[in-house]
Amino acid sequence: MEEFYGVQRESARETPTMLRVIRICRKCGAKIFSDAPEGLCARCMLKIALGAFPDAVAGVGDSGCVEQPAGEDRASASQDKTTARAAELLGELGDYELLEEVGRGGQGVVFRARQKSLNRTVALKVISLGQWASKAHLKRFRLEAEAAARLEHPGIVPIHEVGERDGSCYFSMKFIEGGQLDEIVRREPMPIRQGAELIAKVARTVHYAHEHGILHRDIKPGNILLDANGEPHLTDFGLARLVESESSVTHTLEVLGTPSYMAPEQAVGNNTAVSSATDVYGLGAVLYQLLTGHPPFAGGTTYETIKLLLDTEPRQPRLLNPKIDRDLTTICLKCLEKDPQRRYSSALALSEDLERWLKHEPIRARRTGIFSRGRKWIRRNPTSALLIASLVALASAAGWIVWKSGFVQHPVTTGIAVLPFENLSEEKEYGFFADGVQDDILIKLAKIADLKVISRTSVMQYRGKQNVHEIGDALRVSHVLEGTVRRSGGKVHVNAQLVDARTDTGVWAEQYDRDLSDVFAIETEVAQSIVSRLKAKISASEKLTIAERPTKDLAAYDLYVRAAALIDKATYEEGEEQTKNDFQAVDLLNQAVTRDPSFLLAYCRLAEAHDALYFRGDDRTPNRLALAKAAIDAAFRLKPDSGEAHFALADHLYHGYFDYDRARDELAIALRTLPNNARIFDLSAPIDRRQGRWHDAVHNHERAMELDPRNVTTLIAAAVTYRSLRDYRQALAIFDRIIALEPKDILYRLRRARVEVRERADLRPMQDVLGKNFTDNPALLRTHPSDCFLVALWARDPVAADNVLAATAAMTDNAFGARGNSVAFSHAYAKGLVARMKGDGDGARAAFNAARAEQEKVVRAQPDDLTQSVELCLLGLIDAALGRKQEALSEGRRAVELLPLTKNALDGADILYFYAVICAEVGERDLAIEQLKTVAKIPAGASYGELRLDPLWDPLRGDPRFEKIVASLAPK
Amino acid sequence: MSADDKVSSLTALVGSAQHGAVAFTTTHWSVVLEAQGESPAAHEALEKLCRTYWRPIYAFLRRQGFRREEAEDITQGFFAQLLGRRSLSAVRKEKGRLRSYLLGALKYFLADEQRRAMAIKRGKGQRLIPLEDLRADERIEMEPANPVTAEMIYERRWALTVLEHVLSRLKDEYCAAGNAALFDSLKQLLPDEPGAPSQAETAAQLGMTENALRQAFYRFRQRYQSLLREEIAHTVATPGDIEDELRHLIAVLEA
């Protein structure tokens, strides 16, 4: 290859090791070497340019690459300012001497200046209009600025004078010694209370302006100055008007700078919709920034940011900063509602709610964010897509590059997935060993709170897959660790590579060739290298835990890893295979702890295996529980604060004793050291749900899904919760994900279709899945009897219903889950319902009597409150059908007593639902309506579809009160 | 006061706001990313970038322990491969910076090279030779001689390269206008170092009034900042990154 870019020529004279120091810089003290450009101090030369660029976007930074300037930078920066101050004039503008440029924004430049006639220091903002200046614009700007100049408030930077010269506008205002809010919080984040106090003050200021007819229109951290006492001062009122245009095509992006804090109605250029609510949005956006350190929406480019802010909801603040409590989140998100009408009615209302929060009083805003996302606003503005298109066209004309953005979600900036390592050993059976190495590294990384580490379940599906970029996208992680393991004799060879999935570029690679006994050291080194590559913050204790080795005994480790593989296999298999694997695992683990009694992880897994055997019914004896407990106790003896041990205990309490309160406590402790353990969130969510803490449940589901995005069990649990909350859009979206993972299993399609039934009272999706002649399909009738029965009954198709009954007659269980939660109909009862539908009174009575006889026995046999309540419910329904009013009502009441909502929010809702049905069946209309009012409101309560379609509600149809409730649940 | 004491037009002071923004469309790295390396324009842009920024790569390799000829070879090979690739399809736009991208690509390139070298040594049906078995002088010295790692050298060289490039452009502009002496004098004033000649002294030296010098210096400084901004913009993906990149470059010069 010929001489390439002068490499040969240049390098010949360069000798990198022979740099001489020619002198020391008198300004910053740095050594100036012989390679210094023009003999000047490079550091000082670069520092000159700090803060001088118009496109610096407040709050948006490259999380991977930002290096915080060293502390002394602050000192030398102000030193720069001082020397400049002492230096000479830049120029003059009428009555003003320009002393120093202090800021540059999209609209113009701000100078520190001296007003000669009054001999005072002011800030002078000069607006550069260039091609956008028209007479009309200038006139409007003057009017606005003069109106703003009339405002007198301690929180508003007073404007002294407004002028125009040579086609440029300027205005002079009080010079605030301090800084812009965005600069200040960039250096160090603000404590939460302080942020709330600040916004409360600014909100009051904004309200004052509103009362005088002035809107700000451009509230952002850059327009909030803090003085020496930390008091906020708002500046740049109404300047956004400057480049407003009459048409619906939006203003040029360039001049407005960052849209991260812009309200949706402004972003689409809907100037008539801009109101005081727009300023409320801006306040909320700044609050969001102060609380979480990020603006609510930040894409890589202006175009992306606008797309995000129009189409997506801001990330839950608590995901970014767990210290934010729910009330403050509610306040913040209320400001950020897409629909201006849903925000605070005034800036004053916002400040008052913040003040209530500060005083620990209850706030006024209601938590609506999760229940009904602001999609309605978007639907009412379908032209937003068109406007974005024209925005794009205009932006190109103005000179920005428009990225062809393929994704609408937030760009992935963080997270790592440790993929299964390839086994290169000659002995194929060492596959489990390769898996063990991968698992250990994953576990180590997962202990670091600053990292997001994907759970094993989700990554195992990528065994053998190559396309790192797709994997990164699917799992929403920025990095992927791949590797190979080759074990032979007493040696092990590990090859590990860290890849940036977004760019598909290698970031780090290493090879290890060691003795087998050194495998733990290898795992530690890999983990440590990754931590440093990803620049993850790591605490001292986390550092220690990474370096821990699970055991000293290699043979014990082998046994452990084999057992782990079996346990994992067991979760995917069914029946006998499952049991066999678990028993085998127990055996291996017992051997492992015999060899090494200090093998903590083995004890934890042992407990897990025992509990699985108990819970699945393979060995539902107290002895099995005791074995689990013994293993847990051993783990605690070895390490009392072990996260794994606490988790094992939580699992044990949950599955063994249904002791949710204690399980929850243990989970909280485990979470401290196992921040990436998806199972903790998996267990926490149903506990929260059961105990009526629905929002916490959602939070836990989201966390679990984030960490384990391809785990079907996790996804189903989340879908159920969203369905219960009547957030059908989310539930359906999650089901779509499940179906994508398990396309062949019709169960999930059916579940999805059931959600649509609830949402829209439309049976067709279910009928589509089941097929037209599902009643002729015996396999379907056997595997999905509940769904078949439901469709037949609600479609009021007696023939189909009869077919279902006939096909299921031989099944001994109560085959018909009524709502998918807990209460189920017996075959006999179902028979009665069908007979009633056909108008066969005698047949119905006979069936109900048979059902009653059977159900009485069942009720008596139930061991605990939950199951008793469920069966009593059914008994009540049967008695209602038989016209035994008093018995039915008392059975229903007793069922509710045994399982109130306060005890179990999910199943309790079921009971309450059927109690309402019982009341309706026996003719107690008023009572039924009263119950139904509650049931229609609570999570997991009645849905639109159920009320419209279920024949059990027939007694109430036509009653205006019933119809009103039904209408209230109808889809909007 | 004479006419030239007053700033004749505010646009001189304020104008670069627009200039800077328009310049971003044609920054090299953004063109590369936008086209994902698939267009002639992108290829050209990448070439321009490589022409300027090969030095930090070379410095990195030297610090890694490669001898001069080896380092040259690898540098050549690396850029040849980079430019030879039909598409940089793997390069995504978000948060991408040329500086980090190049170093990452280089390391990957090195790792590949190693693997390739080792693969050659693997005979048919034989096992991979572990690293220890390679001859000592075939192995790459990974431990640097002193605590300054190769990465730090790379970063430092990068910062200096940026500065060199900017100053050289600025110098060219002034020389072309016949103002070489002015450039030499004004450049001393830029860092504002105590002990440098004052504006009054410099003005006297050049035979200008103080006010005229003041204005000239202001324009000089503005132009410098503008060129610096442009140069950094050439290596980052979005305008928002420029300030951050600048801070990073300053930070690496602390050491």
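Which residues does A:Trp953 touch, not counting residues up to four places away in sequence? Taking contact as heavy atoms within 4.5 Å, they are A:Tyr913, A:Ala916, A:Val917, A:Leu932, A:Glu946, A:Leu947 and A:Phe962.

A quick word on the ground rules, everyone. This is a predicted model, where local features need pLDDT of at least 70 and side-chain atom pairs count only at pLDDT 80 or more, while totals for chains, interfaces and linings use all residues. Residues are numbered from 1 along each chain as its sequence is written, chains are lettered from A and ligands numbered from 1 in the order in which they are written, and side-chain values use heavy atoms, leaving out hydrogens and water.

Now, the core around that tryptophan. A nonpolar core here is a set of buried Ala, Val, Leu, Ile, Met, Phe, Trp, Tyr and Cys residues joined through side-chain atoms within 4.5 Å, with buried meaning under 20% relative accessible area (1.4 Å probe, protein chains only). The largest one has 102 residues, and A:Trp953 is among those that touch the most other members, as are A:Phe789 and A:Phe914. Helix α40 of chain A, residues 905–921, gives the largest share, 13 residues; helices are DSSP runs of H or I, at least four residues, numbered from the N terminus. Domain 5 (680–744) and domain 6 (823–972) of chain A both contribute, so this core lies between them; those bounds come from an automatic or database domain assignment.

Apart from it lies another core, of 90 residues, including A:Val468 and A:Leu534.

That brings us to helix α18 of chain A, residues 468–475, where A:Val468, A:His469, A:Ile471, A:Gly472 and A:Leu475 are buried. Just after α18(A), A:Arg476 takes a positive phi of about 60 degrees. Thanks, all!

Key. Buried means under 20% relative accessible area, exposed over 50%, partly exposed in between (1.4 Å probe, protein chains only). Helices (H or I, at least four residues) and strands (E, at least two) are DSSP runs, numbered from the N terminus.
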